[in-house]
Amino acid sequence: MATAVSSANTNSVLDRINNGRTSMANNTETFLKLLTTQLKNQDPLSPTDTTQMTQQITQMTGVEQQLVTNDLLAALVGMNTGSGLSEGVNMIGKQVTATSDTSTLQGGKATFTWSQPGQSTSLTVEIKNAAGKVVRTLTPEDQKSGAHTITWDGKDDSGAQLSDGGVYGINVVAKGGDGKELKVTNIKGRIEGVVTAVDNSTGQPKVMINGQAVPIDSVIGVTAVAAKAEDEESKAA
């Protein structure tokens with residue numbers, strides 16, 4: 001299986017920090033030269049007021065401290081990025097399940113989740129295709145407060161089984177006993193497939209599943225596909 005790993009590391013951040021440090025060093029050197037020249041040529045009877053010079057030195061010290069802080073932050077970003085990439089690389093070639101804004105119909109099924117702040121007396125779940133058209137309307141019996149999970153059987157309102165591979169989303173309408181609509185949150189679908197690559201071009205490590213980039217922290221399950229295949233081969237032998 002061909003795999004790929006793309007990483008945009010912290011070089012751009014470090015470049016900006018290093019450029020700032022170089023500029024700071026040049027400005028400090030220039031300032032010290034001017035200060036030395038000014039002190040050498042000051043009137044002994046009317047010495048230069050050092051208040052402004054002290055303020056400038058204090059400002060430069062503050063900038064230097066900020067550059068050090070930036071170094072530490074860049075190091076932390078690099079550590080987190082490296083950790084995320086390593087975690088993603090370990091998933092390459094494995095079957096994973098991740099949360100997404102949509103679900104892909106696989107094996108005639110698609111799973112969705114959501115949360116509602118209270119008990120509802122009227123609950124409707126509309127399954128929408130990629131074009132936004134409602135293909136199935138469900139009325140779950142479980143209307144409790146909190147997290148909900150529903151698995152759609154892949155059939156439309158006419159009872160026809162839709163083809164695997166289609167991408168679907170949901171719209172959830174929950175109403176309380178007073179007839180007012182409850183604010184439904186955390187509406188998510190599921191995506192399943194084998195990780196083929198890891199991408200960090202946006203600064204956030206993502207795994208590629210069925211050609212779709214999914215944040216690593218959205219992955220909720222990992223299965224060693226290779227191990228399963230070996231077991232099946234050994235049984236067949």
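Thr113 touches His148, Thr149, Asn186, Ile187, Lys188 and Arg190, leaving aside residues up to four places away in sequence; contact here means heavy atoms within 4.5 Å. You will find Thr113 in strand β4 (residues 110-116), where strands are DSSP runs of E with at least two residues, helices are runs of H or I with at least four, and both are numbered from the N terminus. At 13% relative accessibility, Thr113 counts as buried, a word used for under 20% relative accessible area, with exposed meaning over 50% and partly exposed in between (1.4 Å probe, protein chains only).

A word on the model itself. It is predicted, so to speak of local features pLDDT must be at least 70, and side-chain atom pairs count only at pLDDT 80 or more, while totals for chains, interfaces and linings use all residues. Residues are numbered from 1 along each chain as its sequence is written, and side-chain values use heavy atoms, with hydrogens and water left out.

Now step back to the whole chain. It has three helices and 13 strands, and buried residues make up 30% of its 237 residues. Of the contacts between residues at least 6 apart in sequence, 70% join residues at least 24 apart.

Let's finish with the aromatic rings. Rings of Phe, Tyr and Trp (its six-membered ring) pair if their centres lie within 6.5 Å; planes under 30 degrees apart are stacked, over 60 edge-to-face, and the rest tilted. The count comes to one aromatic pair. The ring centres of Trp152 and Tyr168 are 4.9 Å apart and their planes stand at 70 degrees, so this pair is edge-to-face. Trp152 lies in strand β7 (residues 146-152) and Tyr168 in strand β8 (residues 167-175). Trp152 is buried at 1% relative accessible area, and Tyr168 is buried at 8%.
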